Amino acid sequence: MALGPVEMLVVKFPGNQFSGEIAPALADLIETGLVRVIDLLFVLKDEDGALFVYEANGLGDEIAAVYEPVVQADDELLSQTDAETVGVLLEPNSSAALLLFENAWAAQFAQAVRNANGEVLINSRIPYAVIEEVLAETA
């Protein structure tokens with residue numbers, strides 16, 4: 001079975017409310033075959049610094065219903081340790097979503113690289129803010 005590159009993405013949010021607003025955009029990526037969600041965790045740090053870790057179904061029925069179509073219940077690869085590592089980076093009264101996903105669009109290419117005994121030396125994602133800054137400097 002061809003498997004595309006797997007990435008972990010952590011997105012930080014102010015406050016401790018998840019609205020489910022990113023779920024439809026994530027569902028679009030899944031429906032078009034661009035990504036496959038492997039796991040999703042939510043980490044909340046309260047104002048006293050206490051850390052809470054939730055699966056999508058732990059955030060209440062309304063939010064769970066929004067994320068249910070995009071997360072497979074049997075794919076639980078993110079751990080409590082992953083969540084705690086991210087929690088250290090959060091300020092009090094903030095939260096983060098940890099998303100483990102496969103770049104399904106690249107599965108065939110990745111398999112071809114493996115078949116040719118190729119090895120990835122560098123795979124780097126450049127944040128939008130960096131690109132924006134470079135473009136502004138060159139304009």
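Tutor: In this predicted model, a pocket is an open set of grid points where a 1.4 Å probe fits, with protein on both sides within 12 Å along at least five of seven lines.

Student: What volume does the largest pocket have?

Tutor: The volume is the space filled by probe spheres set on the grid points. For the largest pocket, whose lining residues closest to the centre include Pro-5 and Phe-109, that space comes to about 420 Å³.

Student: Which helix gives the most to the lining of the largest pocket?

Tutor: The lining has 16 residues, with Ala-106, Val-120 and Asn-123 among the closest to the pocket's centre, and by class it holds eight nonpolar, four polar and four charged residues. The element that gives the most to this lining, with four residues, is α4.

Student: Which element supplies the largest share of the lining of the second largest pocket?

Tutor: This pocket has a volume of about 350 Å³, and its lining comprises 14 nonpolar, no polar and two charged residues. At least two lining residues come from each of β1 (6-14), α1 (23-31) and β4 (94-102), while Leu-9, Val-11, Leu-26, Leu-99 and Phe-101 lie nearest the centre. The largest share, five residues, comes from β1.

Student: Where does Ile-126, a member of the nonpolar surface patch, lie?

Tutor: The patch covers about 420 Å² and is made by Ile-126 together with Val-130, Ile-131, Val-134 and Leu-135. Ile-126 itself belongs to the loop between α4 (107-115) and α5 (128-138).

Note on methods
Residues are numbered from 1 along each chain as its sequence is written. This is a predicted model: local features need pLDDT of at least 70, side-chain atom pairs count only at pLDDT 80 or more; totals for chains, interfaces and linings use all residues. Side-chain values use heavy atoms; hydrogens and water are left out. Patches are made of residues with over 30% relative accessible area and no salt bridge: like charges are joined within 9 Å, nonpolar side chains (Val, Leu, Ile, Met, Phe, Trp, Tyr) within 5 Å. Accessible areas come from the Shrake-Rupley method with a 1.4 Å probe; for residues, only the protein chains shown count as cover. A salt bridge is a side-chain nitrogen of Lys or Arg within 4 Å of a carboxyl oxygen of Asp or Glu. On a 1 Å grid over the protein atoms alone, a cavity is a set of points where a 1.4 Å probe fits but cannot get out, and a pocket is an open set with protein on both sides within 12 Å along at least five of seven lines; lining residues have an atom within 4 Å of a point. Ala, Val, Leu, Ile, Met, Phe, Trp, Tyr, Cys and Pro count as nonpolar, Asp, Glu, Lys and Arg as charged, and the others, Gly among them, as polar.
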